[in-house]
Amino acid sequence: MIKRIFIILLSVFYLSAFGQETFPVNGVATEFEPIYAFINAHIVSSDKEIKNGILLIQGNKILEADTVVQIPTGAIVKDLKGDYIYASFIDLNTQYGLPKTAEREHSNRPQYTSKKEGAFHWNQAIHPEIIAANHFKNDRKKAISLRSIGFGTVLSHQQDGIVRGTGGLVLLSEEKEHQNILIKNAAAHYSFNKGSSSQRYPTSLMGSIALLRQTYLDAEWYSQGVKDINYSFEAFNSGQNLPQIFEVKDAFDISRIYKIADEFEVDYIIKGNGDEYKQLDIIKETDFSFILPLNFPKSYEVANPEEAENITLEQLKHWETAPYNPAILANNDIVFSLTSSGHKNTKDFLTHLRKAIKRGLSKKDALAALTIIPAQFVNAENLIGSIESDKFANFIICSKDIFEDGVIYENWVAGKKYVVNKKQEIDIRGYYTLNSDEFENEMVSIKGTKEKPKAILFLLDSLPLKTSFSENEISVNTKEGNFRLAGTFSARKISGRYQDADGIFHTFSMVRDSLFVEKKKEITVETDSIIPKIWMPNKSYGFIQKPTTEIIIFKNATVWTNESEGILENTDVVIKDGKIIAIGKEIDLSEILDKEVTVKTIDASSKHITCGIIDEHSHIAIRRGVNESSQAVTAEVRIGDVINANDINIYRQLSGGVTTSQLLHGSANPIGGQSALIKLRWGSSAEEMKIDGADGFIKFALGENVKQSNWGDFNKVRFPQTRMGVEQVFYDAFYRARTYQLEWDLYNAMPSGMKRKSESPREDLELNVLVEILKSERFVTCHSYVQSEINMLMHVADSMRFSINTFTHILEGYKIADKLVKHGAGGSTFSDWWAYKFEVNDAIPYNATLMNNAGVVTAINSDDAEMGRRLNQEAAKAVKYGATTEEDAWKMITLNPAKLLHLEDRMGSIKVGKDADIVIWSNNPLSVYAKAEQTYVDGISLFDKDRDIQLREQNLSERMRIIKKMISDKGKKKKPEKKEEKLYHCETLEP
């Protein structure tokens, strides 16, 4: 008792202090705050339930909540009669009360410098100095909307840019703004979306990643005490102590964020996109927490089978699986909160929440995700998130279980009541006898729900009736208006008047003979709570179970070794643990294998076996931009950051015998981005596709693209605009890199004591890469056509003491083959492309043969997703044009690109100890009739022509199963729209 009195007195003192007003009072000031007692309440928290409980509040605070509570004299008592009380929900992803994000200004002329005035960051997409709370204004309409679905507190931030500034935690009450702001700087916010910035950089996802990484480095450097004032870096550094929230576009961004988090030791909370189930293994590895939306995709109109073909299986599977996303994460112990963001109609949130419950999310987890967990995310659990003493009086009162069909009556925010749905105290439902001057003892039933009763007059059984009821007033009318009734309920009786079709009024009375007994609906978990199978990847041709390595002997094949042995007839090849372990005729397995192992035997008689094809120049499997086209030098960007492991072209190219690709940056700038070397490990993650220990490469470019010849008349701003200017870009970049390297060398040579007193040089991601080139730690692949420019770049490289590893395209390579040999450069060319633009007019189909004959390491590449499926036929053209031997022609797509990529010790030939990247062909692999029947990557069968037939059947079966399910779905449907496949080429500028 003493403790309870102490809590009340303490709360009164706190409220007095909290409520001290700096505004002048118009009238008589009062500090009186009544105490409210809510009795007979079903109080539900994520960790406990209190039945027949009592909740005491005063002012904006909770005093006590329990089954036995001493109600102070004078308290206002509200009998809830079993109604449910929950803590009001918390949404951590809103822009509530903030100005609408401006749309990006469109201009035909590119903008390369920031238009933002002041001592801020050079890029408009980086604005950590924005404090959302400083711009916050109450938005009554939006507050009403959010309160109607149970929310009482939101985290609001400016949803614009890459570094977005801080968000404020605010109440959804209608008090003054300063009273609604709970925490001014509650979290720092990030994304990969440049938003409204009209500045050219970045133009790609990899550019956004590089810009953010450089911002972290610059802010750290600034913290050393750099003299130049920069408010952005000051704000960025001060925000690092706050919770860090990162918004993603899709689940595949999570691994990208994880790399940044690991590099800069940041613990992010991820605002997800609802498809996290696709990257579950990666998510478990990251240990990230999440803010999950419930904006599940609408079903499609599938009645028209032709139009339904526009829907991909990936879209169908996401429609089915998205509602299970919260349950999947909860089942895997991944901590998350829920957000209402993403719903055009706010009321859809509760509908989708209940759908998530039916799909396996427990009510306990759902409530925690809406209350205490978001409070913990922003360090506000001592203020909000549960029904506990001394916390804000933020709670909702519902008719029933909110996760079933409970109706929200009231939402109390900071002790202020906001009516959402007026509670209907009187229940008029039942069976009545009606009497009037027209009718005698007519039966009338009133059914429906307590809040929405529905009258049925048997004398008007052919007419649809509309019933409305408020407090004790009822009205009933037909749709046509030929019967209208108004009455008042009192003591089991409804009396009043009705008007007939002729406009004549009649007095009536109805006496209730018996009550209507409502059948209690049992909310059962639907059979759909069984989680659909998630394929790897979750789209057409995905694996239900990933293939694994086997010990295999391929017998009696024609083996194209690419080694001194040449082509071997009737030869066996044995693979184990992803490596080739034996080659020969009639191999005795007992001499090389343990007796206990299981060996799979494949009869390869009449078949040809080769190593996997290596595509030296590819642009498949890249997400949201192949070019960072904004600047002349973008060495800081990395294709490895944006690998798209789900690209169907991976599977398609496996069907053409390709096992390895170099994913190159485009050719929009003289010095482009870093490339990625991958194996086509279909069904694996982006990181798993990367080749461990491979050397680093980078894309340079010459010619029309880099000087923006075909970009239009408005693109005359960025240097260079001429081929002469291109040369100067290279010199300038490497002069800067040399100076940068010298600065770091001098700094690193300092004694540790001197270092502590000195300011370190600024770390520059762009110059780091150029230094790697100068130190022969990264190698150049250069897009090229014209001999004069190729000569120029070799001269630049010689004078700056580095070398060009590969000239790609190099359609005039035949003119300067001797110079390429002298420089040590290889050539990766097209087989027979010519005359498709001015600078390739001198291209000839004999180019590959002539370079190869001159001693240039020569490869043939695709640069095209479709051509990558038939590189064997492209290589065959070297036999037709120039009479290259079949073995040399085959090496142009296998061993030679392996040499150009410095991977010849691991792949490119059939040799003991090399990777088991093997293709079984139906015919001579250079024949137009040859088909890749099986493709192995690291000894794993990732394409098989027989399994391909099974996968097609699997695709169709899964498609039809989901379509049938979609047809029966009663939700709103949208018209199918064809989703165009994004294919990148060197010159593609759009992300």
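Colleague: Is asparagine 562 buried or exposed?
Modeller: Buried: asparagine 562 has a relative accessible area of 5%, and the cut-off for buried is under 20%. Keep in mind that this is a predicted model.

Colleague: Where is asparagine 562 found?
Modeller: In the loop between β26 and β27 (567-576).

Colleague: What about the phi of asparagine 562?
Modeller: Phi is near 65° there, a positive value in a residue other than glycine. Most residues other than glycine have a negative phi.

Colleague: And alanine 835, what is its phi?
Modeller: Alanine 835 also has a positive phi, near 65°. Alanine 835 sits in the loop between β38 (826-829) and α21 (847-853).

Colleague: Is alanine 835 buried or exposed?
Modeller: Alanine 835 counts as exposed because its relative accessible area is 53% and the cut-off for exposed is over 50%.

Colleague: Switching to peptide bonds. Which bond at proline 202 is cis?
Modeller: The one from tyrosine 201 to proline 202, with omega near -5°. Proline 202 belongs to the loop between β9 (181-191) and α4 (205-222). Another cis bond joins methionine 536 and proline 537, where omega is about -10°. Proline 537 is in the loop between β25 (505-515) and β26 (552-560). Most peptide bonds are trans.

Colleague: Now charges. Which residues form the positive surface patch with Lys972?
Modeller: Lys298, Lys344 and Lys974 form that patch together with Lys972. Lysine 972 is exposed, at 67% relative accessibility, and lies in the loop between α25 (945-968) and β43 (973-974).

Colleague: How many positive and negative side chains does the protein chain have?
Modeller: There are 121 positive and 134 negative side chains, and the centres of the two sets lie 4 Å apart.

Colleague: Back to burial. How many residues of helix α9 are buried?
Modeller: Eight of the nine residues in α9 (residues 313-321) are buried. Among them are Leu313, Leu316 and Trp319, along with Lys317 and Glu320.

Colleague: What do the buried residues of α9 pack against?
Modeller: They pack against β13 (299-300), α10 (325-331) and α25.

Colleague: Last one, the protein chain as a whole. How many helices and strands?
Modeller: The protein chain has 25 helices and 43 strands. Of its 991 residues, 56% count as buried. The C-alpha trace spans about 110 × 70 × 65 Å along its principal axes. The accessible surface comes to about 44,100 Å², and 49% of that belongs to carbon and sulfur atoms.

Key
Residues are numbered from 1 along each chain as its sequence is written. This is a predicted model: local features need pLDDT of at least 70, side-chain atom pairs count only at pLDDT 80 or more; totals for chains, interfaces and linings use all residues. Side-chain values use heavy atoms; hydrogens and water are left out. Patches are made of residues with over 30% relative accessible area and no salt bridge: like charges are joined within 9 Å, nonpolar side chains (Val, Leu, Ile, Met, Phe, Trp, Tyr) within 5 Å. Accessible areas come from the Shrake-Rupley method with a 1.4 Å probe; for residues, only the protein chains shown count as cover. A salt bridge is a side-chain nitrogen of Lys or Arg within 4 Å of a carboxyl oxygen of Asp or Glu. Lys and Arg count as positive and Asp and Glu as negative; His and the chain ends are not counted. The place of a charge is taken as NZ of Lys, CZ of Arg, CG of Asp or CD of Glu. Helices (H or I, at least four residues) and strands (E, at least two) are DSSP runs, numbered from the N terminus. Buried means under 20% relative accessible area, exposed over 50%, partly exposed in between (1.4 Å probe, protein chains only). Contact means heavy atoms within 4.5 Å.
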